[in-house]
Amino acid sequence: MAKIASALLLLLSLFLWHSAIAQEASFTASVSKNRVAVGEQFQISFTINTNASNFNAPDLSNFITYSGPNQSSSMQIINGSVSQTISMNYVLAAKKEGKFTIGAASIQVGNKLLNTKPIAIEVVKGGQSAPQGGGNNTAKGNNSAYPEDVESNIFMRATVSKSKVYQGEQLLVTYKVYTRLNIVDNALSKAPSFNGFWSEEVPNPTRQSELHSEVLDGIQYQVAEIKKTILIPQRAGTLNIDPLEMEIVTRVKSKSRNNSFFDQFFGGGYQDVKLSIASKPVKVEVMPLPEKGRPENFNGAVGQLNIEASIKNNELKTDEGCNLTYTISGKGNLKLLEAFKLKLPADIETYDPKITDKINVSVDGVKGSRTFDYLLIPRYAGNYTIPSLQFSYFDPQKAQYVTLPGNDFILKVAKGAGGDGMSVSRGTEKEDV
């Protein structure tokens with residue numbers, strides 16, 4: 001058996017040597033079923049996507065080996081990029097009841113030894129094989145209408161990048177559809193409301209969900225990412241991320257036993273089945289921001305942030321305007337930051353700032369900058385000090401508050417041409433601006 005495997009791996013090397021694209025090595029194991037009856041056959045596959053050698057299969061002595069290793073190969077061309085995979089397949093059957101673990105297979109890729117993850121197999125009495133699938137979906141369909149276990153072969157999962165966060169800390173929720181069936185049509189029926197969260201959907205430039213392979217609980221599925229959203233919790237406590245619901249149409253073999261040879265030959269014997277699938281709610285534990293060490297000037301900023309301050313035209317005349325800007329940049333809850341309350345000399349007027357955002361949303365989170373642009377208008381001549389603005393934020397990675405110091409600005413105001421700079425008509429100030 002080892003000699004056959006070595007020969008097959010030699011063919012694998014020849015196939016992948018001419019691959020048009022360099023790709024990260026991936027070596028995975030998957031089974032057609034992870035819960036089987038005694039004597040029921042199932043398949044295990046070991047798949048590699050790059051040049052490799054020295055394949056070593058795991059111990060399969062707890063099972064009857066009907067065939068294998070059998071080689072299969074596949075090639076995909078997506079946007080001009082070529083990818084190839086070679087699989088080593090075994091057909092097995094369980095000898096007795098119990099819970100068994102198929103250990104890791106290994107393979108050599110260059111100077112690196114890759115191992116697959118072990119797979120758990122549950123073996124029950126004959127005739128008790130149960131539905132497969134590791135998804136956490138809720139599906140609604142009429143199982144008696146078709147022989148295939150549709151609900152276990154297509155489901156939806158919601159996963160989060162973090163299940164425990166601080167208030168104001170961002171996380172990513174991803175909704176995926178897992179399928180081993182042919183999907184004919186699909187439509188979103190109910191979007192999640194994300195109560196208790198500020199949310200921003202991660203844009204998808206292609207507006208299409210590309211399928212990729214993924215092994216879940218030892219079973220390989222075709223997976224489509226339906227929706228990705230950045231969430232920022234607005235309150236502490238246990239918050240629920242709502243389900244996403246979809247209507248799916250799948251094409252399966254008909255349960256009717258009257259299908260003739262001609263029906264099967266010409267593509268008959270199939271039916272389209274419509275069912276609703278939904279992910280289960282996901283709980284997120286939100287910790288309150290600590291009271292200990294909270295600065296007095298903290299305004300709710302959370303992330304990894306920085307601040308820049310500048311003033312334009314600090315030498316001017318009375319009733320002329322200058323611009324004071326503060327730019328907060330980095331990764332965090334930028335879109336939730338409110339304007340600063342400036343402490344200005346009494347003879348300088350200001351108004352609500354102009355806010356400018358340069359913010360990007362991606363799977364890595366909310367990044368960019370928010371700029372507050374204040375218009376300052378001195379009404380009397382003289383030299384004025386604009387006190388420094390200290391900016392404080394909470395860094396969830398360090399679990400502590402950070403305060404960034406600022407600089408004072410000096411305004412030199414000369415007497416304007418319209419008067420002595422000692423008085424001004426307060427009734428027309430805003431209209432003058």
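Predicted model: local features only at pLDDT ≥ 70, side-chain atom pairs only at ≥ 80, totals over all residues.
Let me start with confidence. The average pLDDT of the protein is 80. Of the residues, 79% score at least 70. Two stretches need a flag. Over residues 6–22, pLDDT stays under 50. The model still has 28 contacts beyond four places in sequence for residues 6–22. Keep both stretches in mind when you look at the model.

Now the sheets. Take β2, β10 and β7. They make an open sheet of 3 strands, in the order β2-β10-β7. The pairing is mixed. Which strands stand at the edges? They are β2, residues 35–37, and β7, residues 98–102. Each has a single partner strand, so one side of each has no neighbour in the sheet. On average, neighbouring strands here are turned by 30° against each other, direction ignored. Look at β2 against β10, which covers residues 119–124. The two run parallel, over 3 bridges. For a specific pair, go to Arg35, whose bridge partner in β10 is Glu122.

On to the next sheet. This one is open too, with 3 strands in the order β13-β22-β19. Its pairing is also mixed. The edges are β13, at 164–166, and β19, at 237–241. Each of these edge strands pairs on one side only. β13 pairs with β22, residues 282–287, in the parallel sense. That pairing spans 3 bridges. Within it, Val165 stands opposite Val286 of β22.

Last, a pocket. I will take the second largest pocket, which holds about 490 Å³ of space. How many residues line it? The lining has 18 residues. Nearest the centre of the pocket are Asn297, Lys341, Lys343, Leu389 and Gln390. What is the make-up of the lining? It divides into 10 nonpolar, 4 polar and 4 charged residues.

To recap the sheets: β2-β10-β7 is mixed, and β13-β22-β19 is mixed.

Technical notes: Residues numbered from 1 in each chain as written. Heavy atoms only, no water. 1 Å grid on protein atoms, 1.4 Å probe; cavity = no way out; pocket = protein on both sides within 12 Å on 5 of 7 lines; lining within 4 Å. Points joined across faces, edges and corners; volume = space filled by probe spheres on them. Nonpolar A, V, L, I, M, F, W, Y, C, P; charged D, E, K, R; others polar. Pairing = 2+ DSSP bridges. Helix = DSSP H or I, 4+ residues; strand = E, 2+ residues; numbered from the N terminus. Axes fitted to C-alpha atoms, helices over the stretch in contact; angles between N-to-C directions. pLDDT = per-residue confidence, 0-100. Contact = heavy atoms within 4.5 Å.
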